[in-house]
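Dear colleague,

I am handing over the structure we spoke about, and below it you will find my notes on what turned up when I went through it. Please read them with the coordinates open beside you.

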Number of protein chains: 2
Amino acid sequence: MNKRITSVISGLLFAALSVNFSLAQAKSDNFSTQQLTQIADIKQQALESDLAWDLVESLTTEVGPRMPGTPGDKAGVLWAVAKFKAMGFDKVWTEPATFPKWIRYSESAAIISPAPQKLHITALGNSISTPKEGIQAQVIEFKDLAELEKSPENSAKGKIVFINYRMDRDRDGNGYGPAVQARRRGAVVAAQKGAVGYVMRSVSTAYHRFAHTGGSHYKEGVTKIVSSAISNADADQLHRLVALTKPVTININVQAKSMGEGTSYNVIAEYTGSEFPEQHVLIGGHLDSWDLGTGALDDGAGVALTMAAAKLATTYGKPKRSIRVVLFAAEEFGLWGAKAYVKAHQNSLSNIVAAAESDFGADKVWAFDANVHASALPLVSEIAVMMKSLGIEYINKNSARGGPDLIPFRPFNIPAFALSQDGTDYFDYHHTADDTLDKIDPEKLRQNVSAYAVFTFMAANANTRILGK
Amino acid sequence: MNKRITSVISGLLFAALSVNFSLAQAKSDNFSTQQLTQIADIKQQALESDLAWDLVESLTTEVGPRMPGTPGDKAGVLWAVAKFKAMGFDKVWTEPATFPKWIRYSESAAIISPAPQKLHITALGNSISTPKEGIQAQVIEFKDLAELEKSPENSAKGKIVFINYRMDRDRDGNGYGPAVQARRRGAVVAAQKGAVGYVMRSVSTAYHRFAHTGGSHYKEGVTKIVSSAISNADADQLHRLVALTKPVTININVQAKSMGEGTSYNVIAEYTGSEFPEQHVLIGGHLDSWDLGTGALDDGAGVALTMAAAKLATTYGKPKRSIRVVLFAAEEFGLWGAKAYVKAHQNSLSNIVAAAESDFGADKVWAFDANVHASALPLVSEIAVMMKSLGIEYINKNSARGGPDLIPFRPFNIPAFALSQDGTDYFDYHHTADDTLDKIDPEKLRQNVSAYAVFTFMAANANTRILGK
């Protein structure tokens, strides 16, 4: 035997011994030895699969932006139905969801004096239009929403309120909560202080000149004023000019419209379980996106990776319990698809054995946790062990939340899971024109698919039926 | 003596010894021992100075974009004159430069079919307008300008040509040359092949969704068609759709206008030399910028750092030779300020003992070279030695070019110098809306100032009078 052949054979022997060794190591009340091998294989297959990439490339390219109620949203629904069918899901269907429709036509802004220049601005969702010529007024700056709230009656009378709070960067996205209040209700508080317009520093960690859109609300009885956000670079600029003590006048021009009730569709597909078909693992993302980008990170990635994970989880045949992928509608306008889903399925939500939504981009999953009945914790530990080689920590707090679209599910105590992506860079792109396919790293996406496939297979096929708390 | 005092005194002794040691080490035919100490001190002072930052912050904030012939350009000239005077330059003056004026009003584009979505586009400088409703046609893609040039007669008849060449990233910016030809004359070649419109992948290394503008030209006798560029992400998108083999139709809408001859001004300031006032070191940048960003990297940084370096170089009093800072007008439209300067000064260009323009952003200067008569090479070596501690390599090829605005000076064989910034990231921002103040690193800017101050002091005060080749 020559050296090369010897080396190949000893390599094979070593590999075989390693497999035997690791199987011998694994003791499971939930899975057969054969299933443990299948899980390891699915995990590896997913790391080599381009399926999720192909899906998100197709969605963001052939459909593009998918704002609820737009032609792109309709095209997204047709796309999802066709893809699910082509992927061989056993059942594919849609369920309607209604929402308050809002359309953006145009948006622009400029510093008028003392230093005329354009501002990169976007209307916040639900904003009213300005008059055709825009609204022009002096800027009054507040460092955050709290400062505006504490300011005296009429403190902003006749002015445009500018809130200059900068979001902190953080792996868990913890900076979002403190920043987003100024987006959701800044225009209301500004109007209460007498303002004629509202502009905020975007909810953003970006170093690039993109304004970030996102949902905002008005309040019954409070005058509606234009609600908008500028990029970090523009907020820096406006802040510097205001600090120079000269009055700073800007013009904001937003043309947008509330269009009454719109309808879109949750797209749902299922691989039907062989033993307990009514029980199901529910994974998914939201199919809609904002209009500025192509919704790649938010949430084309979540859509694609959960579709792909479900497919991969059935590599070895029908699961014991069903695997259901739900692509929620109109998340960006206020979780309308999720609310409709919960209403339509309220009598059968107890059939959910595990639920997880991917809606935090496509960076690596770094943490795993559950929110389940104590009886399921041994199984959760087994899943966590299987994920470890993917670089995923088991948080073991049993307090996972499961993604934004699972918020309406919470009163029903479903077993929720978090496969937490690293969100350090997520808010660089979130709700901007810059949320495009090139921001997804194919290798990281595959790691996500692998984690979701392992989780899905194990929750669907375990001897333990996971219950909620 | 307590330990602390002992430690302070021995520290001082050590410092004194170090200085003596390094002075003893230095042997110079060009500088006195005192001057060598002054150079070291100026180098250090510059590393601690915020002067350049304050200047570029003021220019980009209080003036903003400075496209030739716009109100921002005029404001820039007034700003520079006022700043030079406030900084105590001995002479401050302006000299007119004319150029073909062009104004951008608006620009937008969209994929019409098969997947309707916006494209992030910008008109290239000098582009004609489209009709009000834009120009709509099928896209034909070419991988580069050469492929378009080689294509048959009428290959693009009735279509919009899309050149999809991606610029390479590189410390020296060597990727710019091969990419920029498609910007300068792509619309001409496209029209020659029968195209009705022209769009290119931006000359860009960016991962962000900004289109890069820049100069383009038409040719007498060739039909003028709209000339434009889309961001890298949009070019990726268009390429993917074209590759799907369906016809792809886009609409480009550019409203822009050529306005005949415009006038702006080179702003010039001088610290007058005590011994040879007519001889001078010429440093500077260009005061104009494109309209999309605030011209921070291109070329607010070059303006600010050469102004600051000149000031710092006079810390110890009048230089032997004059130090002249020239802020060139209308560089972006074709070096019009530099051409006017050379014309106005053609009989006295031989008084330039050293010239360097900073127009490549504000990343660290990593290389130094000259282009001078052999008799000056010992002095050049001395300058290089002084720059070494700033992390600057001496290239020693004696073939420096000295910056774009020095191109019109070349026929006069002036002694040119290159203080080469690291350009790895420069073309992420070049000619985009994203070229804003936050892209300048204050610490790197100080290193630039230090290098320029050392160079300027040494060229102005050396015993050797530097001659051109």
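The crossing of α2(A) and α12(A) is right-handed, and please bear in mind for this and everything that follows that the model is a predicted one. The two helices, α2 with residues 33-47 and α12 with residues 442-461 of chain A, have axes that come within 7 Å and cross at roughly 155 degrees. Since angles over 145 degrees count as roughly antiparallel, α2(A) and α12(A) are therefore roughly antiparallel to each other. On the α2(A) side the contact is formed by A:Gln35, A:Ile39, A:Ile42, A:Lys43, A:Ala46 and A:Leu47, and the residues they meet in α12(A) include A:Arg446, A:Val449, A:Ala453, A:Phe457 and A:Asn461. Sorted by class, this contact of α2(A) with α12(A) has nine nonpolar, four polar and two charged residues.

Helix α3 (residues 51-63) packs with helix α8 (residues 296-313) at an angle of about 140 degrees, and their axes are 8 Å apart. The pair α3(A) and α8(A) is therefore oblique, and its crossing is right-handed. From α3(A) the contact takes A:Leu51, A:Ala52, A:Leu55, A:Val56, A:Leu59 and A:Thr60, while among the residues of α8(A) that take part are A:Ala296, A:Gly300, A:Val303, A:Leu305, A:Met307 and A:Lys311. By class, the contact of α3(A) with α8(A) has twelve nonpolar, two polar and one charged residues.

Some backbone details deserve a look, given that most residues other than glycine have a negative phi and most peptide bonds are trans. Another cis peptide bond joins A:Ser113 and A:Pro114, with omega about 10 degrees, and A:Pro114 lies in the loop between β1 (91-113) and β2 (117-119) of chain A. In chain B, B:Asn396 is not a glycine and yet has a positive phi of about 55 degrees; B:Asn396 is placed in the loop between β13 (393-394) and β14 (416-421).

As for the domains, chain A is divided into domain 1 (28-90 + 272-461) and domain 2 (101-259), whose centres, taken over C-alpha atoms, are separated by 34 Å. Between them, 20 residues of domain 1 of chain A are in contact with 21 residues of domain 2, and the domain 1 side of that contact has eight nonpolar, seven polar and five charged residues.

Finally, the two chains: a rotation of 180 degrees with 0.0 Å of shift along its axis superposes chain B on chain A, with an RMSD of 0.0 Å, which is the relation of a two-fold axis. In chain B the C-alpha nearest that axis belongs to B:His208, 3.9 Å from it. The contact between the chains takes 24 residues from chain B and 24 residues from chain A, and the largest share of the side of chain B that touches chain A, five residues, comes from α7(B). That side of chain B divides into ten nonpolar, eight polar and six charged residues. Because 100% of the interface residues of chain B are also interface residues in chain A, the copies meet through the same surface.

With best wishes

Terms used
Residues are numbered from 1 along each chain as its sequence is written. Chains are lettered from A and ligands numbered from 1 in the order in which they are written. This is a predicted model: local features need pLDDT of at least 70, side-chain atom pairs count only at pLDDT 80 or more; totals for chains, interfaces and linings use all residues. Two residues are in contact if their C-beta atoms, placed from the backbone, lie within 7 Å. Helices (H or I, at least four residues) and strands (E, at least two) are DSSP runs, numbered from the N terminus. Ala, Val, Leu, Ile, Met, Phe, Trp, Tyr, Cys and Pro count as nonpolar, Asp, Glu, Lys and Arg as charged, and the others, Gly among them, as polar. Copies are superposed by least squares on the C-alpha atoms of residues with pLDDT of at least 70 in both. Domain bounds come from an automatic or database domain assignment. Axes are lines fitted to C-alpha atoms, for helices over the stretch in contact, and angles run from 0 to 180 degrees between N-to-C directions. Angles under 35 degrees count as roughly parallel, over 145 as roughly antiparallel, 65 to 115 as roughly perpendicular and the rest as oblique. A crossing is left-handed if the near helix is turned anticlockwise from the far one by less than a right angle, and right-handed if clockwise.
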